[in-house]
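Visitor: I would like to learn how to read this structure feature by feature. Can you take me through it?

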Number of protein chains: 2
Amino acid sequence: MIPYCSICWDIDKVKLLDQRKLPREEIYLEITDYHDVIEAIRTLAIRGAPAIGVAAAMGAALGALALKTEDPKEFASQFTNLCREIAAARPTAVNLFWALDRMQALAQAHASEPVAKLKERLVAEAQVLLKEDEAINRRLAQAGQGLIHDGHRVLTHCNTGALATGAYGTALGVLRAAWEAGKRFSVWVDETRPLLQGARLTTWELGKIGIPYTLIPDGAAAALMQKGLVDLAIVGADRIAANGDTANKIGTYGVAVLAHFHGIPFYVAAPLSTFDFSIPDGGHIPVEERAGEEVTHFWGQAVAPADASALNLAFDVTPHDLISGIITEGGVAQPPYASSLKALRRVKS
Amino acid sequence: MIPYCSICWDIDKVKLLDQRKLPREEIYLEITDYHDVIEAIRTLAIRGAPAIGVAAAMGAALGALALKTEDPKEFASQFTNLCREIAAARPTAVNLFWALDRMQALAQAHASEPVAKLKERLVAEAQVLLKEDEAINRRLAQAGQGLIHDGHRVLTHCNTGALATGAYGTALGVLRAAWEAGKRFSVWVDETRPLLQGARLTTWELGKIGIPYTLIPDGAAAALMQKGLVDLAIVGADRIAANGDTANKIGTYGVAVLAHFHGIPFYVAAPLSTFDFSIPDGGHIPVEERAGEEVTHFWGQAVAPADASALNLAFDVTPHDLISGIITEGGVAQPPYASSLKALRRVKS
């Protein structure tokens with residue numbers, strides 16, 4: 001029904017849809033070298049916290065396959081090193097580290113096995129992780145779809161669909177599940193500057209599902225809320241702290257403040273792999289700063305004077321008290337998050 | 001010192017800097033047919049409420065020059081008609097109608113004079129209007145510059161400099177006057193989607209004045225406020241109602257809500273020609289809706305799927321209770337605006 005996938009494993013290589021080229025071209029990259037997975041993550045050929053997690057796991061599997069040693073100890077050491085390299089691709093989405101931790105835990109659990117056998121296990125684990133991600137997203141989407149009602153005008157920011165995950169989507173997965181349950185509603189799509197994930201990707205995915213949408217500049221969301229044209233806002237997450245503070249694409253915090261000001265519910269949808277229970281609050285989330293050229297240039301063309309300086313924070317942090325609920329595969333966590341997230345933590349571990 | 005002008009009268013033609021091409025090319029259009037002035041306003045070759053007012057007056061003068069009749073009554077009728085045509089170029093900036101009303105009032109006051117003499121008067125009046133606009137902006141800038149202090153980090157949205165006016169600028173004029181008074185501060189420039197007046201024009205003007213700035217995506221303003229990096233926000237206006245409600249570039253209302261939420265002063269700077277005392281509040285301001293292609297395409301390239309629908313509201317309306325003060329050539333109006341604007345109205349009339 002959705003004739004595309006963000007990433008998959010194909011015998012001995014990773015295939016991933018190059019999201020930098022969407023919606024103009026649908027091109028799949030075929031990757032056999034884990035360095036190219038790092039490059040794909042770094043340059044946003046694949047992006048979205050859950051998809052980055054899957055890509056990292058598959059990159060680790062590719063890296064493992066290429067290791068020449070037959071010595072388990074040497075293998076373990078080299079595998080740890082390449083996982084560290086992959087972990088440095090991007091700093092904010094915690095799924096990256098979560099997926100690599102899981103691959104390393106598997107390697108450690110079977111450290112005494114022959115290297116060939118361990119490689120097989122790692123390749124299988126990366127594929128399990130992809131399958132699990134889809135199943136988790138479908139559970140998450142079912143948990144959240146009750147929040148969407150007929151006639152709703154839903155605002156979303158950035159992209160949280162099948163492209164941002166192994167499959168199905170998080171916030172967009174909730175909308176998809178509601179649509180598949182027969183509800184009829186429409187979506188305001190924030191274009192999401194600077195890289196236009198809303199304009200390029202969310203529109204493309206909603207079009208494939210058949211959900212009606214209208215694209216808007218990010219700055220127009222406030223006016224629509226003022227006019228009473230937004231019933232609910234829903235976004236994804238790149239990292240959620242133990243208290244519910246949520247890092248997500250730059251612009252999300254503004255949407256949350258505006259929703260709060262206008263009395264509009266603001267929901268976050270994310271799998272438990274996006275939670276970082278090791279940090280107490282959002283102040284501890286490292287926010288990636290990307291090159292200013294992503295703001296001063298547009299598809300290779302300068303849109304500002306040649307000497308213009310620009311600040312390009314890739315994410316912002318929305319404090320938990322602006323969040324109406326956090327939709328996960330374990331259910332919808334409601335405030336107070338101190339207790340509701342503690343319960344979810346038990347589901348995760 | 002600022003080696004450019006948005007618009008001027010040159011013997012028998014209008015010269016205007018084509019802002020659609022900035023900052024890549026500095027090209028002056030030379031216009032002799034008032035229809036081309038309408039087209040320049042409509043397509044944003046010239047934009048900014050005060051500049052639109054000057055352009056409309058000069059367009060009316062060009063139109064008057066081209067009228068063939070020597071009969072004063074016939075001239076009056078044809079002049080009224082061409083002013084109506086110009087008035088239809090854009091709906092929101094009230095300076096357009098204000099300038100045309102002024103040209104028509106002059107024509108009526110001298111309706112019995114020979115047509116040749118009246119044409120001279122109209123051409124002269126359009127040039128007076130340009131000169132007055134510069135003088136007004138300089139007074140406005142002086143009235144407001146006391147609000148800017150050393151070390152301030154000022155956020156602005158869209159473009160309000162010499163390009164948006166006859167000369168000098170409104171909100172950017174306030175910053176320029178503060179800079180010329182020796183204050184040292186920096187500016188966060190909202191890029192201002194969809195047409196990037198911040199990225200293309202405000203950066204270019206601040207660079208020429210020498211004020212340090214950093215360009216940001218519109219969605220990043222909230223995060224900067226959250227981090228305590230914004231001391232004051234200042235914007236222009238396209239129309240201000242009798243109660244202080246202010247229409248300005250889409251995204252302005254969001255900035256105002258965010259400033260309010262973070263306890264940051266939010267100022268509007270506009271000449272009295274931007275006030276529309278005939279309407280009680282912002283609900284009566286017609287908001288232009290422009291083509292969706294300005295959102296779905298970027299300099300001729302599609303950034304969304306071919307069948308994507310987009311909403312492109314050119315302006316939004318900020319309610320007066322979110323505005324800390326309105327800077328005019330008659331001084332800075334403070335809340336309650338019911339009384340402070342009534343006093344300014346006497347200055348205007």
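Visitor: Where does B:C158 sit in chain B?
Guide: Keep in mind that this model is predicted. B:C158 is in the loop between β4 (153-156) and α6 (171-180) of chain B.

Visitor: Is B:C158 buried or exposed?
Guide: Buried means under 20% relative accessible area. B:C158 has 7%, so it counts as buried.

Visitor: What is phi near at A:Y168?
Guide: Phi of A:Y168 is near 80 degrees, again a positive value in a residue other than glycine. A:Y168 lies in the loop between β4 (153-156) and α6 (171-180) of chain A. Its relative accessibility is 4%, so A:Y168 is buried.

Visitor: Now peptide bonds. Which form does the bond from A:R193 to A:P194 take, cis or trans?
Guide: Most peptide bonds are trans. The bond from A:R193 to A:P194 is cis, with omega near 5 degrees. A:P194 is in the loop between β5 (186-190) and α7 (197-209) of chain A. In chain B, the bond from B:L22 to B:P23 is cis too, with omega near 0 degrees. B:P23 falls in the loop between β2 (13-17) and β3 (28-31) of chain B.

Visitor: How many residues of chain B are in contact with chain A?
Guide: For an interface, read residues, area and salt bridges in turn. 51 residues of chain B are in contact with 51 residues of chain A. The two chains bury about 4000 Å² between them, 67% of it on carbon and sulfur atoms. B:Y253, B:V303 and B:L311 supply 14% of the area that chain B buries against chain A, more than any other three residues.

Visitor: How many salt bridges are counted between chain B and chain A?
Guide: The count is two. A salt bridge joins the side chains of A:E191 and B:R193, at 2.6 Å from N to O.

Visitor: Which domains are assigned in chain A?
Guide: The assignment gives domain 1 (7-138) and domain 2 (145-348). Their centres, taken over C-alpha atoms, are 25 Å apart. The contact takes 30 residues from domain 1 of chain A and 36 residues from domain 2 of chain A. The two domains bury about 2700 Å² between them, 55% of it on carbon and sulfur atoms.

Visitor: How many salt bridges are there between domain 1 of chain A and domain 2 of chain A?
Guide: Two are counted. In chain A, A:E26 also forms a salt bridge with A:K208, with the closest N and O atoms 3.9 Å apart.

Visitor: Which residues have the most contacts inside the largest nonpolar core?
Guide: They are A:L155, A:F266, A:I326, B:L155, B:F266 and B:I326, in a core of 74 residues. Take A:F266 as a case. Beyond its neighbours within four places in sequence, A:F266 is in contact with residues including A:V235, A:V255, A:L322 and A:I323. A second, separate core has 58 residues, among them A:F185, A:Y213, B:L172 and B:V189.

Visitor: Where does B:A60 lie?
Guide: B:A60 is in helix α2 (residues 49-66) of chain B. At 0% relative accessibility, B:A60 is buried. Leaving out residues up to four places away in sequence, B:A60 touches B:F79, B:L82, B:C83, B:I86, B:L100 and B:M103. Sequence distance and spatial distance can be read side by side. B:A60 and B:V123 are 63 residues apart along the chain, and their C-alpha atoms are separated by 8.5 Å.

Visitor: Is A:N248 buried or exposed?
Guide: A:N248 is buried, at 4% relative accessible area. A:N248 belongs to strand β9 (residues 246-249) of chain A. Its contacts beyond four places in sequence include A:D238, A:F315 and A:D316.

Key:
Residues numbered from 1 in each chain as written. Chains lettered and ligands numbered in written order. Predicted model: local features only at pLDDT ≥ 70, side-chain atom pairs only at ≥ 80, totals over all residues. Heavy atoms only, no water. Core = buried A, V, L, I, M, F, W, Y, C linked by side-chain atoms within 4.5 Å. Buried < 20%, exposed > 50% of the residue type's maximum accessible area, 1.4 Å probe, protein only. Contact = heavy atoms within 4.5 Å. Helix = DSSP H or I, 4+ residues; strand = E, 2+ residues; numbered from the N terminus. Domains from an automatic or database assignment. Buried area = accessible area lost by both parts, 1.4 Å probe. Salt bridge = Lys/Arg side-chain N within 4 Å of Asp/Glu carboxyl O.
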